[in-house]
Amino acid sequence: MTGSETLPADGLLAASWLLIALPLAGAAVLLLGGRRTDRWGHLLGTATVVAAFVIGLLCTVQLTGVEGRSVQVELFTFIQTGNLDVSAGLLFDPLSALFVLLITGVGALIHVYSIGYMAHDNARRRFFAYLNLFVAAMLLLVLGDNYVALYVGWEGVGLASYLLIAFWYQRPAAATAAKKAFIMNRIGDVGLALAIFIMFAQLGTTSYAGVHGSVGLLAGGTVTAIGLLLLLGACGKSGQFPLQAWLPDAMEGPTPVSALIHAATMVTAGVYLIARSAPVFDATPTARNVVLVIGAVTLLIGAIVGCAQDDIKKVLAYSTVSQIGYMFLAVGLGPAGYVAGLAHLLTHGFFKAGLFLGAGSVMHGMGDETDMRRYGALATRMKVTFVTFGLGYLALIGFPFLSGWWTKDAIIEAALDHGGTWGWVLGGVAVLGAGLTAFYMTRLMLMTFFGQARWGDGVHPHESPPVMTAPMIVLAVGSVAAGFLLVQVFPLSGWLEPVFGEPAEAAHVVAPIVVSVVVTVVVALGVLTAWLFVGRREVPVTAPVRVSPVVRAARRALYADTVNESLFMRPGMWLTRALVFVDNRGVDGVVNGAAAALGGSSSRLGRAQTGFVRSYALGMLGGAVLVAGALVAVTAG
Amino acid sequence: MSVLAAAAGSEVVIGTGETIVFWVLGPVALAGALGMVLSRNAMHSALWLVSTMLSLGVLYVVQEAPFLGAVQIIVYTGAIMILFLFVLMLVGRDSADSVVETLRGQRIAATVLGIGFAALVGAGIARATRDLPVVGLAGVQAGPGGAADGNVEAVAAALYGRYLLAFEVTGALLIVAAVGALVLTHVERQPGERRTQKELSRARFLGSDTPQTHPGPGVYARANSIAAPGRLPDGAPAPASFSTGVEPQRVDELPPTGSTGAERAGIRHSGGTDAALGTLGGATNGPTPGSGSGAPR
Amino acid sequence: MTLTYYLVLAAVLFTIGTVGVLVRRNAIVVFMCIELMLNSVNLTLVTFARSTGTIDGQIIALFVMVVAAAEVVVGLAIIMSIYRTRSSASVDDVNLLKY
């Protein structure tokens with residue numbers, strides 16, 4: 001790591017493996033225990049995560065006292081073969097601590113929430129088992145001290161995500177979405193695996209310390225390849241362009257899953273990977289610029305598509321895509337942006353989880369209806385939900401002095417400070433994205449909580465039970481305060497200094513106050529536009545068909561699925577069919593044909609074996625005549 | 001050949017007597033061989049082969065191998081051919097080859113190939129042995145004063161001299177062959193398996209429609225030949241009367257009474273028994289075949 | 001008159017025996033044809049013995065006769081046992097060993 005000595009752990013830090021072991025044990029008990037654990041399974045699942053949170057908190061506190069703020073826990077040798085020596089070790093440093101707290105903190109809240117949300121589901125125990133499995137895998141992902149451990153966690157969260165998206169596997173849509181998520185993740189996973197292979201082939205090690213220490217020795221092209229492959233992995237996991245299409249579909253899973261996995265934690269693993277691999281990206285400007293471009297493009301795609309969706313969870317999903325685009329943009333900026341990106345990751349974890357839980361609460365009250373066109377005027381029916389959701393909303397659009405304002409402005413500033421035309425373009429995109437964010441989120445608020453009531457007769461909106469609202473309140477508080485706390489009270493840049501080094505004092509291209517004002521104005525414009533388009537008018541219960549091509553494109557997610565299908569799926573299917581054809585007719589044909597030719601000719605020759613001795617004798621006589629003829633011919637010649 | 005042979009000095013000139021013998025016996029041997037192949041009856045084949053073997057035996061004698069000729073006639077023609085006849089009488093008596101060849105093209109192909117083979121080998125031998133000298137065996141088996149006291153002594157000297165081992169092995173081969181034949185033809189019977197007279201009788205009368213001999217031509221026969229079926233009183237052939245030992249063949253039969261021109265014209269033919277059947281041929285109320293005890297079995 | 005005539009006679013006899021083996025179906029007749037072939041070979045041996053002035057040809061012919069006798073004994077025994085099980089002495093009926 002940059003400039004800091006990694007010490008062996010002692011005290012409670014030495015037991016940080018408990019962080020992973022506890023949820024894993026919970027998952028094992030719930031999955032293996034079967035129906036016997038039905039009655040108390042959810043409590044056990046919640047308890048393990050809460051315990052992990054407490055341990056994580058204590059470890060973090062202890063970490064502040066450790067010199068260099070980085071400790072290593074050697075557990076055992078994982079893989080030892082030939083030159084490959086992978087030890088299972090944990091690295092507890094400020095970056096992992098940050099993620100541990102986010103994962104276990106938000107995770108614990110969402111576990112509590114799920115107790116209420118899944119109360120009526122027969123398979124609640126299975127749900128908590130998967131959630132625990134996810135938490136364990138995610139903690140392994142962020143705590144591992146080498147890329148292989150990260151990869152194991154990476155695959156673990158992919159598995160848990162798959163299982164949870166398909167939790168209601170009876171629904172074809174959920175099953176399909178899970179498969180889609182799994183396959184698109186796999187594309188990214190292949191990239192990550194290849195990056196690890198290159199590291200091992202070129203450097204002989206996969207530990208963070210080893211790779212980051214000697215990355216400078218590699219050729220530029222190799223480093224760029226590693227960086228791009230890591231980026232591919234990050235894109236797959238974080239739903240970034242061009243692998244963004246799975247994330248909105250993943251909303252088929254239960255809402256707590258959307259909140260925990262597909263908003264707060266797992267999808268930010270890509271950001272973690274890039275931040276963790278900062279030394280690699282520091283060595284390759286090419287890959288870093290690609291990160292920037294992908295962040296900017298995704299940011300815009302997510303925001304634009306979010307504007308046209310009617311499904312409340314899909315809007316939030318595209319919002320997540322867009323916000324993670326911000327984070328990618330930030331970490332792509334290099335040292336100037338790491339802290340800003342991670343700060344936004346944390347605040348986003350709070351308010352987006354809060355928003356999802358709020359959406360879940362709305363759905364809970366509306367009989368699992370997700371179409372916003374059938375909501376309306378819920379503000380008075382669900383007061384707690386409305387307030388907590390509204391605070392999350394304000395934090396997300398960047399209302400001054402709320403969480404999003406602190407962290408998003410920091411990213412926009414960093415983008416502008418990147419310098420030159422590049423900086424202006426990125427900054428402009430980020431500002432535009434902020435305006436779009438304001439528009440679609442205001443639209444969501446207006447359609448859900450204001451205006452006319454548009455729900456059907458059988459629906460009786462009601463507030464959710466306290467076990468669900470309590471986590472929402474906690475997260476709302478976090479949405480309000482997290483930004484201020486992380487930027488002003490406990491500066492994140494100082495906490496992360498051992499990881500990313502001294503924050504350089506950037507020469508501001510535009511004064512921060514000007515940026516804040518401009519962004520606030522743009523956001524206000526977005527809100528106003530939304531009010532003009534949605535708030536003033538009657539919202540049709542069915543989506544209007546006669547709309548502009550832009551809206552149509554946005555409704556279809558900018559044709560991401562179409563592009564995927566026509567560019568990859570169809571050619572892939574054609575290729576497969578062609579290969580199957582070649583295999584059946586060509587390869588099999590040659591093999592079977594040879595066999596059939598041999599078999600046929602042998603059976604035809606076998607017909608000569610009539611069983612009649614006289615036929616055989618005739619053949620012998622024929623041969624004798626030939627021999628005699630040859631002899632005569634030779635001697636006569 | 002003869003010119004060269006005469007020039008060689010030690011040549012034996014083949015005398016006129018031998019030439020005559022060859023030209024007499026050679027065709028006989030050939031005719032015997034052809035007759036053996038061509039005659040349909042296996043018994044005839046065996047007899048034809050005997051004539052060939054006798055001819056060859058004489059030819060051996062002529063060719064200064066009197067002992068071999070004697071063995072040929074006594075052992076071969078005598079013993080072995082008798083063995084053939086024994087087996088023939090045991091198994092092959094009623095299995096005369098039918099005229100129809102079952103394997104398509106076998107006969108034609110065999111004939112063509114045979115003629116080709118004979119032509120090639122004959123031509124080859126004729127070419128190769130054009131200058132064959134005739135040293136003769138006088139040197140090794142001449143009478144008193146020669147190396148041996150005649151053919152038998154010469155053969156014995158070689159057989160019990162240089163070829164002693166082969167001779168002993170051949171003797172062993174003969175014993176093995178004898179034992180082998182015993183083993184092959186021996187029928188293993190479990191004790192008690194032998195059937196009693198009662199059981200044999202039962203099997204005979206219950207197992208077949210014809211416990212007795214097949215019916216002969218009977219009084220209604222229209223031909224003397226064994227190959228013609230017996231007749232039922234109404235003139236129809238009796239199926240059970242067909243001899244299995246005789247292959248089916250066309251036989252001249254007398255027409256039934258009143259059915260053909262000869263009878264109607266009143267011409268009486270020799271041996272004709274139909275005159276006695278005159279009224280039966282047109283009878284409509286006589287016993288019908290197989291309907292009662294009147295029908296022969 | 002030369003010895004060639006004997007040899008050609010033997011060749012023709014041999015061929016007739018061969019054709020007999022091919023066209024006859026009665027196993028016993030087939031055997032007789034084989035005997036004919038052996039006899040023709042014997043004639044050749046005797047003829048060459050005379051031609052070369054050595055007795056060995058005759059000795060070998062004697063051996064051929066002995067072996068032929070042994071072969072006849074065994075072969076006829078085989079025919080007997082086949083006849084017992086199949087009630088037929090036709091070589092065409094013994095055709096189970098085929099494709």
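Let me begin with one pair of side chains: Asp189(A) and Arg186(A) form a salt bridge, with their closest N and O atoms 3.3 Å apart, where a salt bridge is a side-chain nitrogen of Lys or Arg within 4 Å of a carboxyl oxygen of Asp or Glu. Before I go on, please keep in mind that this is a predicted model, in which local features need pLDDT of at least 70 and side-chain atom pairs count only at pLDDT 80 or more, while totals for chains, interfaces and linings use all residues. Residues are numbered from 1 along each chain as its sequence is written, chains are lettered from A and ligands numbered from 1 in the order in which they are written, and side-chain values use heavy atoms, with hydrogens and water left out.

Back to the pair, then. Both Asp189(A) and Arg186(A) lie in helix 6 of chain A, three residues apart, which is about one turn of the helix; helices here are DSSP runs of H or I with at least four residues, strands are runs of E with at least two, and both are numbered from the N terminus. Is Asp189(A) buried or exposed? Asp189(A) is buried, with a relative accessible area of 2%, whereas Arg186(A) is partly exposed at 31%; buried means under 20% relative accessible area, exposed means over 50%, and partly exposed lies in between, using a 1.4 Å probe and protein chains only. These two residues also belong, together with Glu155(A), to a network of salt bridges. As a general point, side chains of opposite charge can pair when their charged atoms come close.

Asp310(A) pairs with Arg443(A), the closest N and O atoms being 2.9 Å apart. Because Asp310(A) sits in the loop between helix 13 (285–308) and helix 14 (312–332) while Arg443(A) sits in helix 18 (residues 420–449), this pair ties together parts of chain A that are 133 residues apart in sequence. Asp310(A) is buried, with a relative accessible area of 12%, and Arg443(A) is buried too, at 7%. Glu252(A) and Arg171(A) also meet in a salt bridge, at 3.8 Å from N to O, and this pair links the loop between helix 9 and helix 10 (255–264) to the loop between helix 5 (147–165) and helix 6 (172–203), 81 residues apart. Here Glu252(A) is partly exposed at 26% relative accessibility, and Arg171(A) is partly exposed at 38%. Over all chains, the rule gives 13 salt bridges.

Let me now step back to chain A as a whole, which has 25 helices and three strands. Of its 637 residues, 54% are buried. Two places in its backbone deserve a look. Phe241(A) and Pro242(A) are joined by a cis peptide bond, with omega about 5°, and Pro242(A) is in the loop between helix 8 (220–238) and helix 9 (246–249). Phe401(A), although not a glycine, has a positive phi of about 75°; Phe401(A) lies in the loop between helix 16 (383–397) and helix 17 (403–417), and is exposed, with a relative accessible area of 55%.

Next, the interfaces. How many residues of chain B are in contact with chain A? There are 13 residues of chain B in contact with 13 residues of chain A, contact meaning heavy atoms within 4.5 Å. The area buried between chain B and chain A is about 1,100 Å², 73% of it from carbon and sulfur atoms, where buried area is the accessible area (1.4 Å probe) that two parts lose on being put together, summed over both. On the chain B side, Leu103(B), Leu113(B) and Leu120(B) lose the most area, together 45% of what that side buries. Across this interface the rule finds zero salt bridges.

Between chain B and chain C, the contact takes 88 residues from chain B and 68 residues from chain C, and the buried area is about 6,900 Å², with 74% from carbon and sulfur atoms. There are three salt bridges between chain B and chain C, including one between Arg162(B) and Asp56(C), whose closest N and O atoms are 2.8 Å apart. Among the helices of chain B, helix 4 gives the largest share of the side that touches chain C, with 14 residues.
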